[in-house]
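Student: Hi, I have a new structure to look at. Can you walk me through it?

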Amino acid sequence: MNPNYTDDLPRAAHWHSRREATSATIVRYREMLDDVQTTQVVFEPYRVFRPVVADIVFYIGCICCMTVVEPYLPDRVLRQFSLVQFVPGPPLAPLRGSRGSIAATYSVVYQYTDALWQNWRDHLLHEEEGVLVRSGVLWESHHDYLPWFRTVSHLRVSPNRREG
């Protein structure tokens, strides 16, 4: 991170490029990330747009644009919408995937039919999962979420530090 960053600079100026980062800097930031507590993580990029968020934002499934089909899973990022984070459903399994020697040859194919999108209301987040966080408790999550998260995520970014 750039210690000289101010809000009037472009957002990308908040971080140093890979060339500018030293090993000591990387170690220091990894340790800082490892020390972050759950209650310190508040990620709300859509706060200013929330009053106009439409139900379609909570569609779960694939979205198609021309020949590109991508999964869209808002149940994995409910906290971004100021909702209590529940354990999300399983990720969408692709029909097939292939990886070539360069990124341009990477291909993942998901099942998609226009009927899914045309009936998007049948594929919305369940109403009981659309619970707003309590005022002042922006890191709130369902009691099952953090134990689940610990089983599927890397809790430390420093290779030599253990969970304490």
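Tutor: Here is a short tour, question by question. Keep in mind that this is a predicted model.

Student: Okay. How many helices and strands are in the chain?

Tutor: The chain has three helices and four strands. Along the sequence the pattern reads α-β-β-β-β-α-α.

Student: And how much of the chain counts as buried?

Tutor: The chain has 164 residues, and 21% of them count as buried.

Student: What about contacts between residues at least 6 apart in sequence?

Tutor: Of those contacts, 55% join residues at least 24 apart.

Student: Let's go to the strands. How do β1 and β2 pair?

Tutor: They run antiparallel, with five bridges. β2 covers residues 68–72.

Student: Which residue in β2 is the bridge partner of Cys62?

Tutor: Pro71 is.

Student: New topic: aromatics. How many aromatic pairs are there?

Tutor: The count is two aromatic pairs. Take Tyr145 and Trp148: their ring centres are 5.7 Å apart and their planes meet at 40°, so this pair is tilted.

Student: Where are those two residues?

Tutor: Both are in helix α3, residues 145–152. They are three residues apart, so about one helical turn separates them.

Student: Is each one buried or partly exposed?

Tutor: Tyr145 counts as buried because its relative accessibility is 10%. Trp148 is at 25%, so it counts as partly exposed.

Student: Which residues make up the ring cluster?

Tutor: Ring pairs link Tyr145, Trp148 and Phe149.

Student: Now the surface. Which residues make the nonpolar patch?

Tutor: Leu33, Val36, Val41 and Val157 make it, and it has an area of about 320 Å².

Student: Where does Val36 lie?

Tutor: Val36 is in the loop between α1 (23–34) and β1 (61–65). Its relative accessibility is 37%, so Val36 counts as partly exposed.

Student: Last one: Pro3. Where is it, and is it buried or exposed?

Tutor: Pro3 is in the segment before α1. Pro3 is exposed because its relative accessible area is 67%.

Student: How far is Pro3 from Trp15?

Tutor: Their C-alpha atoms are separated by 8.7 Å. Along the chain, the two residues are 12 apart.

Methods. Residues are numbered from 1 along each chain as its sequence is written. This is a predicted model: local features need pLDDT of at least 70, side-chain atom pairs count only at pLDDT 80 or more; totals for chains, interfaces and linings use all residues. Side-chain values use heavy atoms; hydrogens and water are left out. Patches are made of residues with over 30% relative accessible area and no salt bridge: like charges are joined within 9 Å, nonpolar side chains (Val, Leu, Ile, Met, Phe, Trp, Tyr) within 5 Å. Accessible areas come from the Shrake-Rupley method with a 1.4 Å probe; for residues, only the protein chains shown count as cover. A salt bridge is a side-chain nitrogen of Lys or Arg within 4 Å of a carboxyl oxygen of Asp or Glu. Buried means under 20% relative accessible area, exposed over 50%, partly exposed in between (1.4 Å probe, protein chains only). Two strands pair if DSSP finds at least two bridges between them. Rings of Phe, Tyr and Trp (its six-membered ring) pair if their centres lie within 6.5 Å; planes under 30 degrees apart count as stacked, over 60 as edge-to-face and the rest as tilted. Contact means heavy atoms within 4.5 Å.
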